[in-house]
Amino acid sequence: MKLEADTSLRRWLLEAPTETLLTEARARRDGRGPMRTTYSRKVFIPLTQLCADVCHYCTFAKAPRKLAATYLTPDQALDIARRGAAMGCKEALFTLGDAPERRYAVARDALTEMGFERTIDYVAHVAGLVLKETGLLPHINAGVLSEDDYRQLRGVSASAGLMLESASDRLCERGGPHFGSPDKRPAVRMESLAAAGVVRMPVTSGVLIGIGETEEERLDALIALRDLHRRYGHLQEVIVQNFLPKAGTRMEHASPPPEDAFLRAVAWARIVLDDDVAVQAPPNLNMARLARLLDAGIDDWGGVSPVTADHVNPEAPWPEVERLAAVCARAGRPLTERLTIYPRFALASEIWLDAAVRPAVLALSDGEGLGREGDWSPGVAAPALGSSQKPLPHAPGIMGDAAIERNLARAQNGMELSEADIVRLFESRGAAAEAIVRAADALRAEVKGDAVTYVVNRNINYTNICSYKCSFCAFSKTSAKAGHRDTPYVLDYEEVAARTLEARARGSTEVCLQGGIHPSYTGETYLGILESVKRACPDMHVHAFSPLEVSSGAATLKMPVRDFLKRLKEAGLGSLPGTAAEILDDEVRALICPDKLSTQEWLSVVKTAHEVGLATTATIMFGHVETYTHWARHLLAIRRLQLQTGGFTEFVPLPFVHMEAPMFHRGKARRGPTWRETVLMHAVSRLVLHGAIDSIQCSWVKLGVDGAAACLAAGVNDLGGVLMNESISRAAGAAHGQEVNVEDLAAAARAAGRTLRQRTTLYGLIDEGGSQALAQAPA
């Protein structure tokens, strides 16, 4: 059946009109995932231009007499890599000829002098230095390699590449372009590509169009690559490269392939290959037909360097990224930076990456496994990338995604979106992301008006000693997780009461009480803390005790959570912070807080709190190890519980602050969410939770006041509290201080063209004289 299917497909591909092929290729491309076109920002490191082969079209390989040195030195390679890193590159592309020591004594001598037997051993050494010293991800094009070679490279690189070029042995015969190049035999190259699959090395391959092959042979090559991928699943992308004659080569007078033939080959690749394999065409060889290549079904431009030339095609300068971005925007497929390793491999790093390489990939990744945009991270002193008028940089071009438009309409009508729909919103870039932000802001104006609310409160973190082992936490001070800013402490009841009185003297209407899970604390301890506040200031609203603290306290008293919550309420508890939620998905919780409450346990405690009359907030801590799918599951869990109980007052996205987090220092977390992800988290939360939770709050502690002001244009209506003595984010490395004054918040509101209003914890408005105005029930 497979043979018959392939025969039928081949006949159709060979006979169909070009425009029919292009239409089919575009449809398959557009149906395979997000509307975008990717590229990798790279630096090119030509470690040696000696080669054992003599391809008749190549100007990269040179004889020893034409080279100043046989190999680049490690310092020369590192200098190139450092210049690339300074320009924002994330990929170090090592390109070199096939095993030159097989042909040249000078190569063997140079390797011996440096202490290496083979070129591939030297490649692994230098790649390891680049990875360690610069954080760039090596991608290694070193020709035909064995399984052992790939195993060696796997420890120092994220991916590798080997062009198949052609499936035709005929081209290796006398008079053909590959005569005298034994490494270009199709069987040899396929064996090497299969070896990469055996060791689970993500690889790039491709075909070269116009070197004498027939149309049937082009299809043979594409089908061979498809079948190889179906066996190992390791093919990241297939490059469809058009031959261009180069002066000084044996093929300098040959003709390049006609445009129609080249476009057909591109379309064939998209139709033949499975959806999880990208199709790429080199932009620098096709500057006059960039838009036409998008029409033919490509979804990737390959590597583009702001630093180094294309040493394989030196006559063809790289296009400016801005030019590619404009072409992509006009096509409704915004240009998006990726890593040398594609997202599906980066997100399955336990399978596809060596442990030594994973930290570098995480440090450069966003939540989708693509390249991070910009240098911003939550908690850093650098300004946010947006403004109160434009939270995301303006992206010209058309949105081009009908699914986004449908999902926005459904969300605005209060309908529940599916997990896949929400993921698609988070994946949005360019004009589509801007449309999401505008829709969220319009919904905010409709539901909450133009007032920006805040509460005057004080944080009282009564202990930073904790028996739990959350890998993201830098606040807890135990022997296993020594902190970098504070020493262990415990506040006694008298100190808690004194801080409460200080808070009231400064106008606080709320104290927020939280702390570590101290091994000696019981439920009576929490009741004592609560009672000390109420004795000192009976009318102070106490917003205290996360679901984890409630669960722990109930367990020590051997009583049901419901009964313990009733005791807390009777003692004066006004509401609970919805912290310790982190990510409501047990797959993630097993990685970041394995001994904490499970997803269902957290939801159960919160549901019970609502049922006994205690409102709570809801939070999400995002930007560490989780994916957009986990974000969607979290939002849906919160929405569904709210529709049952109505007890959430607000939803608060909390971007992960990485600087002092233990799991970041162990190379097991990202550097927090990107700015785009942060803005979209607030905007998408507004849309997904519409009809369930009306208030979306942003954290100035994580974002800074300027960042919080920008998010006011992305669906946010609340700036939280002034948070005197906030210490949890500070312990994690945040640089935005422990406290903000009301004028700072008012300035943020004014920058967004809005007015600031003080509220109570439960969203009753407070007039300028300090009395409570019309109270609002949680919604």
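**Figure 1. Salt bridge between E419 and R633 in the predicted model.** E419 counts as partly exposed, at 31% relative accessibility. In this predicted model, its side chain meets that of R633 in a salt bridge, with an N to O distance of 3.3 Å. Because E419 belongs to helix α16 and R633 to helix α24 (residues 628-645), the pair ties together parts that are 214 residues apart in sequence. R633 is likewise partly exposed, with a relative accessibility of 30%.

Figure 2. The side chains of R429 and E373 form a salt bridge with 3.4 Å from N to O. R429 is placed in the loop between α16 (419-426) and α17 (430-448), and E373 in the loop between α14 (358-364) and α15 (402-412), so the bridge ties together parts that are 56 residues apart in sequence. R429 counts as buried, at 6% relative accessibility, whereas E373 is partly exposed, with a relative accessible area of 29%. Through salt bridges that share partners, R36, D366, E368, E373, R429 and R676 are joined into one network.

**Figure 3. Salt bridge between R118 and D149.** The structure holds 52 salt bridges, and R118 and D149 form one of them. The closest N and O atoms of this pair are 2.9 Å apart. Since R118 lies in the loop between α4 (105-114) and α5 (119-134) while D149 lies in helix α6 (residues 147-154), the pair ties together parts that are 31 residues apart in sequence. R118 counts as partly exposed, with 30% relative accessibility. D149, in contrast, is buried, its relative accessible area being 7%.

**Figure 4. Helix α19 and the elements that surround its buried residues.** Helix α19 (residues 523-536) comprises 14 residues. From its first C-alpha to its last the helix reaches 20 Å, close to the 20 Å expected at 1.5 Å a residue. Because 10 of its 14 residues are buried, α19 is largely enclosed by the rest of the structure. The buried residues are G523, T525, Y526, L527, G528, I529, L530, S532, V533 and K534. These buried residues of α19 pack against helices α18 (493-505), α20 and α21, and against strands β12 (510-514), β13 (541-544) and β14 (573-576).

**Figure 5. Packing of helix α20 with helix α21.** The axes of α20 and helix α21 (residues 561-570) come within 9 Å and cross at roughly 105°. The two helices, α20 and α21, are therefore roughly perpendicular to each other. On the α20 side, the contact is made by V550, S551, G553 and A554, and on the α21 side by V561, F564, L565 and L568. Classified by residue type, the contact of α20 with α21 contains six nonpolar, two polar and no charged residues.

**Figure 6. Packing of helix α20 with helix α23.** Helix α20 (residues 547-556) and helix α23 (residues 599-611) have axes that come within 9 Å and cross at roughly 85°. P547, V550 and S551 of α20 make the contact with W602, V605 and V606 of α23. The residues of this contact divide into five nonpolar, one polar and no charged. V550 and S551 of α20 take part here, and V550 and S551 also take part in the contact with α21.

Terms used
Residues numbered from 1 in each chain as written. Predicted model: local features only at pLDDT ≥ 70, side-chain atom pairs only at ≥ 80, totals over all residues. Heavy atoms only, no water. Axes fitted to C-alpha atoms, helices over the stretch in contact; angles between N-to-C directions. Helix = DSSP H or I, 4+ residues; strand = E, 2+ residues; numbered from the N terminus. Contact = heavy atoms within 4.5 Å. Nonpolar A, V, L, I, M, F, W, Y, C, P; charged D, E, K, R; others polar. Salt bridge = Lys/Arg side-chain N within 4 Å of Asp/Glu carboxyl O. Buried < 20%, exposed > 50% of the residue type's maximum accessible area, 1.4 Å probe, protein only. Parallel < 35°, antiparallel > 145°, perpendicular 65-115°, else oblique. Expected span 1.5 Å × (residues − 1).
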